[in-house]
Amino acid sequence: MNFVEKIAECNPKNYQIWHHKRWLAEKLGPDVANKEHEFTMKILALDAKNYHAWSHRQWVLQTLGGWESELQYCNQLLEEDIFNNSAWNQRYLVITRSPLLGGLMAMRDSEVHYTIEAILANPQNESPWRYLRGLYKGENNLLVADERISDVCLKVLKNDWSCVFALSLLLDLLRSGLQPSDELKATLEPIRNSNPEMADADLATAVCCTLQKCDPLRVNYWSWYKTTLSSQIS
């Protein structure tokens, strides 16, 4: 194991080394879990997005253990770099798979609070927006029912009505049955007024048209999305 680690430190992206390291760890068993976590921490400190190190770390957690301080480790990485998408991904694994935290339902409320704070601090950071959606994966009814979700969209759009991530999430909320508040309607009024063609459009369609302009890389996707909207959404 010491021999392999020396090679891995010099060649951290060689997948064959990591495969051999996994084989060794499997033979040695749970007693090496903490040492394996320490080693991946060392590699990730040099390259926070090293796929092999993250893959190995996740395998060790799920096979050999060592969950006790993993959420704290994710907190540390995100404090250092809130844009670290790999750390957000690891955090999701921890709250959904750790046998110590009670699962997603038990963690959802506190995680929504944590994520919203991250969004408000950096609204153009895509990672927490995606993480927020993941907290309600397969449960759109709960996503719509949680007023904090539409509220964070409202707060961001008040400062920047062209924020793609806020508009995109809001559009999905509207499509899933969100009844917009008067405050939200008033905040989005400039969007309607910016284009005479949207004056009589329902709110979801107006948001979708705005996304076609604000997100040119995905203009074809938003054009298709608009065709899926029900005229009953208002």
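**Helix pair.** I started with helix α6 (residues 85-97) and helix α7 (residues 104-121), whose axes come within 10 Å and cross at roughly 155°. Axes here are lines fitted to C-alpha atoms, for helices over the stretch in contact, and angles run from 0 to 180 degrees between N-to-C directions. Helices are DSSP runs (H or I, at least four residues), numbered from the N terminus. The crossing angle makes α6 roughly antiparallel to α7, a label for angles over 145 degrees.

I then listed who touches whom, with contact meaning heavy atoms within 4.5 Å. From α6 I noted Trp 88, Arg 91, Tyr 92, Ile 95 and Thr 96; from α7, Leu 104, Met 107, Glu 111, Tyr 114, Thr 115 and Ala 118. By class, the residues of this contact are seven nonpolar, two polar and two charged. Nonpolar covers Ala, Val, Leu, Ile, Met, Phe, Trp, Tyr, Cys and Pro; charged covers Asp, Glu, Lys and Arg; the others, Gly among them, are polar.

**Source notes.** This is a predicted model: local features need pLDDT of at least 70, side-chain atom pairs count only at pLDDT 80 or more, and totals for chains, interfaces and linings use all residues. Residues are numbered from 1 along each chain as its sequence is written, and side-chain values use heavy atoms, with hydrogens and water left out.

**Salt bridges.** How many salt bridges does the structure hold? I found 14, each a side-chain nitrogen of Lys or Arg within 4 Å of a carboxyl oxygen of Asp or Glu.

I looked at Asp 109 and Arg 148, which meet at 3.1 Å, N to O. This pair links distant parts of the chain: Asp 109 sits in α7 and Arg 148 in helix α10 (residues 147-159), 39 residues apart. Is Asp 109 buried or exposed? Asp 109 counts as exposed, at 51% relative accessibility; Arg 148 is partly exposed at 28%. The cut-offs are under 20% relative accessible area for buried, over 50% for exposed and partly exposed in between (1.4 Å probe, protein chains only).

Next came Asp 172 and Arg 133, at 2.5 Å, N to O. Asp 172 lies in helix α11 (residues 164-175) and Arg 133 in helix α8 (residues 126-134), 39 residues apart. Arg 133 is partly exposed at 27%.

Lys 155 and Asp 151 also pair, at 3.4 Å, N to O. They are separated by about one helical turn because they stand four residues apart in α10. I logged Lys 155 as partly exposed at 41%, and Asp 151 as partly exposed at 31%. Elsewhere, salt bridges that share partners join Glu 5, Lys 21 and Glu 36 into one network.

Technical notes:
Helices (H or I, at least four residues) and strands (E, at least two) are DSSP runs, numbered from the N terminus. Angles under 35 degrees count as roughly parallel, over 145 as roughly antiparallel, 65 to 115 as roughly perpendicular and the rest as oblique.
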